Every structure is written in structure tokens, then in C-alpha cells.
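Welcome! Please take a moment to look over the sequence and the structure shown here before reading on.

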Amino acid sequence: MANDIEVKSIMSISSKSEVSTAALTRTRWKNAPLHERCTTADMLKIKDAFQEAYRNKMLPNEFRNLLRTLLNVEYDDDEFNILFLKINTSREGEIDWDELVSHLLLGYFLNDPENERASLQLPIMGLPTVMRSQHRHPISRICFCPDVAKDRTTDMLTGNYITASRDGMINWWSLDMTLLRTAFSSSPHLKVRSTWVTDMVCMPDVNIIVTSSTERDLRFYDCTAKTFTLKIVITSWEYMICTMYYHFHKDPAEKCTLICGDVGGNIRVLQFSPVQRGPFRNQPGRALLQLRHVDLQKKPHLLPELRLTELRRVHTEWVRQVSYYASLHCIVSCATCPDSLLMCDLAGSKTHNMFRVDKGIQCFAFDEDAHVLVTGGPDCVVRVWNPFVPRAPSAVLHGHHAAVLALALQGPARVYSLARDRVIKAWDIHGQCCIQSYIDIPAQIGERTPISTVYNPATRELILAAVKIAVLVLDEQINPHHTDGFTHSRAVAKILYNPLFKVIITCGMDSIIINWDPVTGKRNVLIRDAHVRLLHGELIPVEITAACFDPAHQLLLTGARNGTLRVWNFNTGVCLKEMTIEHMCEVTNCFWVEGRIMAVGWNRHVTEFEEGGTGRTGKAWETRHTDDVLAAAARHPITLATSSYNSELIFWKLETGQPYRRFSCTEPMLRIKMQYSKRAASPHAAGAGAASHRGSSMLRRPSMGGARESVIDAASAMEKARARRVSAVSLPARAQRMRQLAVHAMIFLQTRPCHMRVASLMVSLENGQIQCWSDHPAGGIQGAFQGIHTAGDYVSAFATDVDNNYLFTGTTVGYIKIWLMTNYLTLEKVHVSMPQLRLQFPFLWRDRMEGRAKRSARDQPLPLLLSSARAHLRCVTALAYVDHLELLFSGSSDYSVRAWRLSGEYVGTLGSFVPWSLDVPRFPPDVRKVASFTTFKVWRSGYVSRYVPGQVEVDKLRDITEMELRTRTFGAPPPPPLLGRYFNLPPRPEQPTAIVLDDSLPTIPLYTHLRMASTQPVRRPATPELVRATRLRRTNTRRPHFESHTSS
């Protein structure tokens, strides 16, 4: 079993000694991963064994014996075959030392926690949202003011953003950055010139906003009930205050702290008690309190609630940022001088750590739980420190080309740094590497203006404010109430199951190939940028549109939107070969038959490549289609079927490449004669016919004799591909009749014979119909049925089992249907057990009111609809069925690949943060909100809730007393007699007298005390009259034996 690899089970093996017959017990690891059992000493011994082997290579049996004797590891036959095939990348039947080392290195890499943390998409996606600041001057500070509850707790999802500009204008913003109100902070002493606000901080627990200005003052404004009233002004500071930070405790007995840093390198701390708002309480007769800085120390009676503590000359330059380390009760400050960052308490006795950097520190951020301190400065370097070890940083992250202005920590493992050149870099602290360099912040934010930032950890939004405001989402968090997670970062293009290695391969539009374990849901191998194209000197990922395995199921072939084909070893992630059909010509399908690789796409013909060839280009088959080929299917080794956008269906001889039948799916009964000529049809003529038929085509094909060129607009090609693959827009019925119906998917039922009356090809049309065709030269269309139950929907993906008993269809709306193909358009009729199907598929159970799926299939008895349920909210793009697990995997344009049981229950999503389980069924959170009662019935294995909205459920235990619950006797006893007049109980015997034994004798006479039964005979009760009359009547009607013979 595949799960034996994950769980190390120990088995005991007895070995007999040559000297003694006593059994020695050894412990061997069963199906253990090879890289987990190899030590350095074992590696040296294995290397010596390979050097002693013939040609330095080992056969499977030799290698298995080596593992059994040296590493003490035992493998099952299937597991060892899979292991040997993974190691034997050369596919020669022998492995050497280099292949073994490569396999071990890959195993170590896959077990690396950093590789497991690797995300499919970059942390910052898309462009920032830019808006006007509603200020006349650049913003000097932006901060978040959370709402404080009665227990003094804060919630980052409730509150306001506050911005302050240099001219003193203060704006309040909602969480979605909607302007709420405006106020102005001005000095009461200035009458002619305006003020210049340097910093602002909010004190949410007392509803106060503090601003500092170039007049060397602090202004405290009361914001209660949406007011903005100046309460206290502290003037005549020694130096201008340039940065502030406010901290308050949940315990009201603890003092609140306002930390101020000035341009002289001093730190001044103001502390007060928050009880009844402390010094900011409303007092009658005092509207405005004005005092000087020296009065706080020399005249404390003027404001006794506010206490000032000063730390002088801690830095030799401006203080750039201050904060409070609550767990250590320390003040943190930084400056752009050699004494860069100071962490100390107010008394300076318990903690006093100085972090020194030559060019200083501009900004910092810390995580108190993990004790991680990150700093950035003018030297363009981001440093990671241990707060208790100021001697040297733990990690130094290089990569910026300008001074670092701001930092944002997202947990203890990731940090974002903003440089002066408006470049944001995302860093992995554990891996000490740069994950992303984001350069899409526009210059209109503020090219030469200092940028103020604030990060909201609840919404994961980084807001940049200067001349304008930009909102950027950093690594958008997944809401578990909306989705179980994503498998890819873009739409899923293909899902394949490999029966040899027992893995699932998924390919996405994000140009990523992932190898999954279908039992555990674990990601084995991740291949990024599988297909790329060069654009303006940069490699851009290209969407994967087609994929298949080789006949031996050891290699993977993928096709991309730019016309390239690549061959992969999907166990190691190595690209072995690259080919192309045509530049910027999408590959819609690819096939790998014995010795040949074939691909079809927008070039309207089949391109064939030699399996062992080294060339990048292949040989083109005859061009018979007049429009882009959208779907194709192969039936080895007989037939290849291709269909185009204009409803053409052509059958080809797979061996010779010759077309032998041509049909139109819009008019399936129309017989189109195949015309053969010695010279192949001109692609130029075909291109001209298509251009006249569909004016939107931008493909121009010259003749075969001239130089091959193509004039294709890449942008329009991408838009056309997305519209065809993902869109589910319904056309009016009149428009449907006017145009040809495109074929979007097809599949061969491989086990069905090639017979003129047997339908072996299933074709999906744009009107929701599934046509059934015979690939026999004398065959044609055999039948059709409706595969949808929603207007504007059509089948976009097919899958089937090994025996072709079931046909799985996925639609553009997100439904998955299962059809029973037994006895449908076949020659042999097989008995179908409906009770067995009802036990397996709850969809077949009778409903009180039939749903749309059952009503739509009511008039078509065959094929039988076994199940229909909503699986995704968007188009189902790929399906794959695993027979031995009875699991169906569905991929969608909603970026997810989900696993379903054959009966329809939801198992899980590949790559989900929810633990994978094959035993506990769940519901998809996104589909659950819009699912119908039929879908819920399938998900719940047939259980249907009888709850009626508004109905009050009756408590059935309301009359049961506590004693009845304790004794488990409910209700009053029934009145006697229990059986009424139908049965009378016999009279109870008399109570026997107590027996007194005489023990004075040597022998106790027991028999004298025994009660003996009566010796009179038992009287037989009289026979009832009814029974006697019945016996007499039967005796009179019975005739003698000889009378019957005489009458005959």
C-alpha cells in the first residue's frame, strides 16, 4: 500500500545461525523512505558496493539485497518497483551511484521545511489601489486607530485610519479607505504663518490625538463624539519632536506610555493613569491647559496626572523611530548613527542593549512572541537580530539598491521592506532569501517625498501614504469560511493519474506542474515555470494547456499556449526535451503513442514528432480543418479524432495519418465526402476560408512552398484562449442556430469494439449536448443525450474508468455528473442491478420533489444518470478517476483540485490547509452557500433534512423527570392485567413453610422435607366446540382412495 511509506512499521524477521539453531530477532523497517535510513557511514558502504559491482551498476535484485542487508530495509514488490523506477532515470534497467545520489538529494530537498513552505504564488499579487489623499500637502504620518472595548481589548478589524499632512490637516478614513471627516491641527500662538506637523499618534483608550510640530510643542486633541477640541498644549521643548509612539495596557491599573523622540537624540516618556481618562478628563472651568516643558518637572502641581521621564543623548542623530517592547517593558529607539538602536527600560538598570551599525538604522520591526528584531537603514541592508544578543545580527539580507524606509513583519518568518526607490522586497527569514521584488508602486505616490506606511495584520494591507495613498495586500489570507484553499495560483488545465507510480499530476495556467500523493494529499514534487517565453528581456511564465504520459507512464509531455512542447521526468522535475509546433500557436491536445508524439492546436493540423529525435520542429499532417482545433482524442492504435471551433469532426488513421471520415457536429446526419489529392491542401486557402468564415481570426498562413511565417497578435491570442476555456456565457437560441457549434471536449471509450453500430467516441457540443459517434469507417453518429440541466451550460471535461462503465462529465457551471454507459449504444446487453446502484449512489433515491437534474434526464432512459452534484463555483476544466481508490479528482478555473468519492461525497482539496482524510466527509465551504438540496443529498450520502424554516421543534423529553432519567424507567406503569382478558395468569402457589432441618442425628433426613407432586393422573382438557366441528367437517368431505381411482 502507498501509505506504508508514510508510516514506519517494524516487522521482525528471524534468522537462524549456522552454529546454533536459536532464532535471532532483527528489526527491519518496512517501506521506509530511502533518504531517511541512509547515514554517512551507510553511504560510504553503498558506494563501495557499487564500485565492486559489474560495470559499477546494479540490477533490481542486487540493489534490493543490498538494501536488505546493509540498511535493514524491506520493501514490498510494488513499492520497490516504484523506488527503482524513480532512481533509474536513464530507464536502462540498471542504476549507478550517480542516480542513487540524485534520488537521495531530491528526497532531502523534498523533506526540507523550506520546500514544504513554498507557496505557489508570490506574496504580492496585482497592482496597488491608488487613490487621492484629499490633502493639499504630502502626508507626514498615517496610523491606525482601533476601537477599544470595555475590557480594553482592541480589534484590528474595527477602527479608522488617520492621516496627517504637513499643514496640519487630519483626515479619518474607514477600513475600505472612504473619507469620513476632516479636522485641522494649528498652533494657538501662530496668527500669520501656518504650522508644520512632523508626526501624529492616536491614543484610542482615552480618545486623544497627539500632534507634534516644528514649533517644538505637543498638542493633545479630544476626539470624543467626533469632536476635535484642543485640551492640552505643552510648548518650549528643547528640541523638535519628530517621532512618537503610544502604548497602553489592558489592565487599567498599569500606566499608559507616550514615547517621544526628538532631533537631538533624546527620548522623553510621558506616563499617566487611564482611570477616568487621567489628565484628559473634562473639568469645569478648564477648557485649554497650556504649560511649558520645564513646568512638567519644576511645577508638577500644574498637571500632576502626567509624569515626564527623560533619557538624554542616547543617540547622536535624529531619532527616526520609537516603540515599546511590552514583554520586556523596554523602550526601543533607533537613529542613523553608529549607536543605532537602543533597547532599555525606563530606569536603565535591568535592560540596556545597544545595537551598533556603522551607517545607522532608519526603521525597525519586532515580533514579541518569537523575539525577532528586524532593522533596515541607509546601507540598503535588512538585518535580523536576536533582541538579547546585540553583538551581531543573526542574518543579513542584501538586495536593495536604496535606503530602507519601512518594515512590516508578517509572523516570525516573513518580513517586507520598502526602499526609497519604491521597491518592496519580501524576505523569508528562516531561509534567509528574497521571495519577491515588487516594483509596481507608481511614482505618483511620492517620488521625492518621504513615504509613511502602516500595516494592518488583520486585513494584511500595507498602506503607503505621501502625495497619494496606495493600498497593497501582502500575501492575502485564505478565509476558511469561504474556501478550503487552492491547488494552483491560476486555473487548473489538466489532471492526470499515473498508475505506475500511483501519483496525481496537476498542471495549471500558472505554468506549474505538481506531483501529488492521492492517498495522503501530500505534495511530492513542484515544478515552477514549466513553460516560459522571453518578453522584453524577462522570462514570462506561459500557461500549460495540454498534457499526457508516455506509453510506459514514466515521462510527462506538456503543451503550452505559445506552441511549445516539453518532456519531463515528473519525479525529479527535469526537462528532457523541448519542441514547438508553431510560434504563439496554442497546443490544445497532445498524444504520445509508440515512438511518436503528436500535437494539435491553433495551426489546424496535426504535428508529429519522433520520440527519439533531437529536432525542435516536427512533421505536419495534411491540413483538413478550416478553423482552430479545440479538442482531440486518440484510440491506440487505430484512430485519432480531431474537432475544430466550427464544428468539424475528422477521423484519422493513427498509423498512416490519413483522414478517412469527416462530419459536421452541427448537422451530424450530413455526409461530407472526403476528397483526396496527390498534393496536400494549401494552408493558405484554409486560412482564407477561415478568415471569411470568422473575421476575428488573426492567423495568416502562407503556402507550403514559401517560408513559414505567422502574424499573430499575442494579446488577442491570450484573450481568445481565456474566453474559450473559462467563459460560460450563454448565447440566445437564435444565435445558436445561426452559428456552428464548437466542440469543447471529447473522449474515447477504449474498451468498446470498433463497430459501425457501437458508439465509442463521446463529443461535447456548445449547446450542452453529448453526441456519441462510431469511429468505424462505415459508422457515424449513433445517438446523443443532454448532459446539462442549466441554460447556457455545456460539458467541458470528460473522464471514464478503466472498464468504461462510468462516464464522468464536468460542466462550465461547476456540476459533475456520472452516467452509466452499460447497455448504451452497444451490441451486448448486460444485466444491471438497480438495488446495488441505489446503495452506491444516493442520487438515485426517491425524492419528495425531483430536482432539475432528475427532471432534465427524465425523458432519456439511457444512459442512466447516477449522480449529479455541484462541485465548483466555476468551470470544471479537468477530470481524472482513480479506480482502485474509487476517487474522482476535479480541477476548475477556481484554482482548486478536489477529490470526490464515487458516490459523490467530498473528500478534500489538494494543497489545502485542512487535514486530508479519506474517512471523514466534509462540504466545500464555497459551494455550500449556493448548493441545491440535490447536491446536499449527494454530499450527505442520501440523508435529507426534514427541517422546515420557522417550525419549532418539539422537545420529546420534556415530560421525563430526573428520577426517570436516572433509573431509565420512563412513564407510568401499565394497568394490570397486562394482556387484558385474552390471557389469565395461573394462580400463584402458596408460600412454602420454612424448612427446619434436624441436625441432631448423624444423617440429616432431607427427603422428608421435599414437596412431592400429586400422584393423580392429569386430566385432559375438553376440546373446544369450534375445533371439534371443524374436524368433523373435514372427515365428511374426505373420500376413500379407491373412489378416486374409479372416478378417473
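The report below begins with the whole chain and then visits some of its parts.

## The chain as a whole

What you see is a predicted model. The chain has 1048 residues, and 50% of them are buried. It holds 17 helices and 64 strands.

Contacts along the chain can also be sorted by separation in sequence.

## A pair of helices

Which residues meet here? From α2 come Asp42, Lys45, Ile46, Ala49 and Phe50, and from α3 come Phe63, Leu66, Leu70 and Leu71. This contact of α2 with α3 comprises seven nonpolar residues, two charged ones and no polar ones.

Next, find strand β9, residues 169–173, where five of the five residues are buried. In a regular strand, side chains alternate between the two faces of the sheet. Both faces of β9 are covered: Met169, Asn171 and Trp173 are buried on one side, and Ile170 and Trp172 are buried on the other.

β9 pairs with strand β8, residues 154–165, in the antiparallel sense over four bridges. Ile170 in β9 is the bridge partner of Ala164. Three residues lie between the strands in the hairpin of β8 and β9, where Gly168 has a positive phi near 95°.

β9 also pairs with strand β10, residues 179–184, again in the antiparallel sense, over five bridges. Here Asn171 has Thr182 in β10 as its bridge partner. The hairpin of β9 and β10 has five residues between the strands, and Met177 takes a positive phi near 60°.

## An open sheet of four strands

Further along, four strands form an open sheet in the order β15-β16-β17-β19, with antiparallel pairing. Why is one side of β15 and of β19 left without a neighbour in the sheet? β15 (241–247) and β19 (307–311) stand at the edges, and because each has a single partner strand, one side of each has no neighbour in the sheet. From one strand to the next, the twist averages 20°.

Inside this sheet, strand β16 (residues 256–262) and strand β17 (residues 267–272) run antiparallel and are joined by six bridges. Thr257 is found opposite Gln271 in β17.

In soluble globular proteins, nonpolar side chains tend to be buried together. The largest nonpolar core in this model has 44 residues, and Met762 and Phe808 have the most contacts inside it. Several elements give two or more residues to this core, including β53 (743–748), β57 (795–800), β58 (806–811), β61 (876–882) and α14 (933–939).

What does Phe808 touch, leaving out residues up to four places away in sequence? Its contacts include Ala797, Phe798, Ala799, Ile818, Leu879, Tyr881, Leu888 and Leu902, and Thr800, Asp801 and Lys817 are touched as well. Apart from this core lies another one, of 26 residues, among them Val210, Trp237, Cys260 and Leu306.

Note on methods. Residues numbered from 1 in each chain as written. Predicted model: local features only at pLDDT ≥ 70, side-chain atom pairs only at ≥ 80, totals over all residues. Heavy atoms only, no water. Contact = heavy atoms within 4.5 Å. Nonpolar A, V, L, I, M, F, W, Y, C, P; charged D, E, K, R; others polar. Buried < 20%, exposed > 50% of the residue type's maximum accessible area, 1.4 Å probe, protein only. Pairing = 2+ DSSP bridges. Axes fitted to C-alpha atoms, helices over the stretch in contact; angles between N-to-C directions. Core = buried A, V, L, I, M, F, W, Y, C linked by side-chain atoms within 4.5 Å.
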